[in-house]
Amino acid sequence: MLSIDDLQVAFKTRRGEVDAVKGISFQLARGERLGIVGESGSGKSVTSYALMRILDAGGRIKAGGAVYSGIDLRKASESTMRDIRGREISMIFQNPRAALNPIRKVGHQIEDVLRQHARATRQDARQKAIAALEAVKIRDAAARYEAYPFELSGGMCQRVVIAIALACDPKLLIADEPTTGLDITTQKAVMDLVDGLVRDRGLSSILITHDLGLASQYCDRIVVMKDGLIVEAGEPLRLFTAPQHPYTQKLVDATPRRDVTIRALLPAEARTPLAPHVVAPQPLLQVKGLTKTYAGKSGPVHAVKGSDFTIHQGQSVGLVGESGCGKSTTSSMLARLLDASSGQILFRGEDLARIPAAAFARHPLRARIQMVFQDATDSLNPRHSACQSIAEPLKRMTGLRGAALAARVAELARLTGLPEHLLDRFPHQLSGGQKARVGIARAIAPEPDFLILDEPTAALDVSIQAVVLNLLADLRARLGMSYLFVSHDLNVVRLLCDHVIVMKGGEIVEAGPVARVMDAPAHPYTRDLLSAAPQAPVAATPELPEIRLHAV
């Protein structure tokens, strides 16, 4: 169906031309499910954009080509490509909210595609758009037809994007990181949905991802890319149990899984002994009857329903659950960014819930509780250099100035593994891992006792995630901090945490030591979360329990 031959893609930049794809070749058979894996900058997404001829203005296919069903995509006219996009080759983009028009009803956006490719008339477009929503298991599709993207959850928006992509019955479906930002059970539901539709309709598919477990579970064959080149290809079990290329081995080793330690995620030469951490018997933080209620159109909405838990000094506690379960609301209340409706937050015996969130910024305990946010890019001031970002809490909370301030910033950079020559750079000049290090350095600058980590590695490539997780483990042992690690990745929680709390619908449904909860979960919901986590095969491919896909 698709033949890629020595494809080369380049981009014009201020510093000259940059080769993003450096001559790759592969073929895709009819009905085959191909995975393209690699880290940011490997060229995997650029490859798909080149196939669709939707490269940025500065990008061009430099050499080679792609032939789809006898059509040379490089030489095809733009009118031909407009016919091919959506009708023959369709794409699910990484960010569903960015892919959808925010001021146009989702039903009308499906109609646009149908009518563009003459698959519907003005008379039957609505009916066919509703049928497309029903095909992706959206309940009450007629009502959702009238919704705007901002009225839908992330998982629901992704289903709408899938409906648009499949509306015209394409022959080839390209999914570019289709589950980024989704919680683990929604990820499984979306991938099961896409995989089921691909199989039922006999489509060929290309899944672009940096998640090796996801690729191994949903692909027949996998291509590994690095720096614009294909370094290895093969079927999943062989590729991940006996990788031939050092880069593939590095990706496999860096993938969190139940049979490894946190140090084993790093390359062999970086696996220094992990210093032991000490968990004190006395509690650092006690949460009692914590609730958060919002006023809704049809009555109160209970985001958190009476949580009780304790975190000891030096302890790392994981807080897991799906989107909307209340974990981010809980962490925001503990960080005093949000006021609780009722309950106590006892920090070293003092009830922080009595202190209004607006006033806590000036409270002496502000320095003792800090937070590392999910998106390092959005949480850093784009007009502040790395040095300024790290220095800001020091100036506000410790009064350091001049040479003492510069020395402390340099010390924090060394502590978090951030090269000092990067301190003068702005966020857009740093990589994702470097920005994560700046965020961590800023958070630990005032020497907090308690650090809240809100999905700090969710957007990072696996090898960078491995480095950041090990950095956090080292800092905890060295500085004696306590962590609340908010995540939907249970494999990561297993590696970094001693204790885990599972939330569902605003309530804690299970809590206990990580080993006990992960290996012998007592609650059905915990078992669902564990079974939804994709796993790259190690010695054999495990059969994951099926999660029934319900309409939402």
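What distance separates the centres of domain 1 and domain 2, taken over C-alpha atoms? In this predicted model, the answer comes out at 33 Å. The two parts in question are domain 1, covering residues 2-255, and domain 2, covering residues 283-532, as the domain assignment of the protein chain gives them. Where they meet, twelve residues from domain 1 and 13 residues from domain 2 make up the contact.

Now for the interface itself. About 1300 Å² of area is buried between domain 1 and domain 2, and carbon and sulfur atoms give 57% of that. On the side of domain 1 that touches domain 2, the elements that give two or more residues are helix H8 (184-201) and helix H11 (246-254).

Next comes the inside of the protein. In soluble globular proteins, nonpolar side chains tend to be buried together. Here, the largest nonpolar core holds 111 residues, and Ile110 and Ile162 are the ones that touch the most other members. Helix H7 (residues 154-166) supplies the largest share of this core, with nine residues. Both domain 1 (2-255) and domain 2 (283-532) give residues to this core, so it lies between them.

What does Ile110 touch, leaving out residues up to four places away in sequence? The list is Ala129, Ala132, Leu133, Ala163, Ile164 and Ala167.

Methods: Residues are numbered from 1 along each chain as its sequence is written. This is a predicted model: local features need pLDDT of at least 70, side-chain atom pairs count only at pLDDT 80 or more; totals for chains, interfaces and linings use all residues. Side-chain values use heavy atoms; hydrogens and water are left out. A nonpolar core is a set of buried Ala, Val, Leu, Ile, Met, Phe, Trp, Tyr and Cys residues joined through side-chain atoms within 4.5 Å. Buried means under 20% relative accessible area, exposed over 50%, partly exposed in between (1.4 Å probe, protein chains only). Helices (H or I, at least four residues) and strands (E, at least two) are DSSP runs, numbered from the N terminus. Domain bounds come from an automatic or database domain assignment. Contact means heavy atoms within 4.5 Å. Buried area is the accessible area (1.4 Å probe) that two parts lose on being put together, summed over both.
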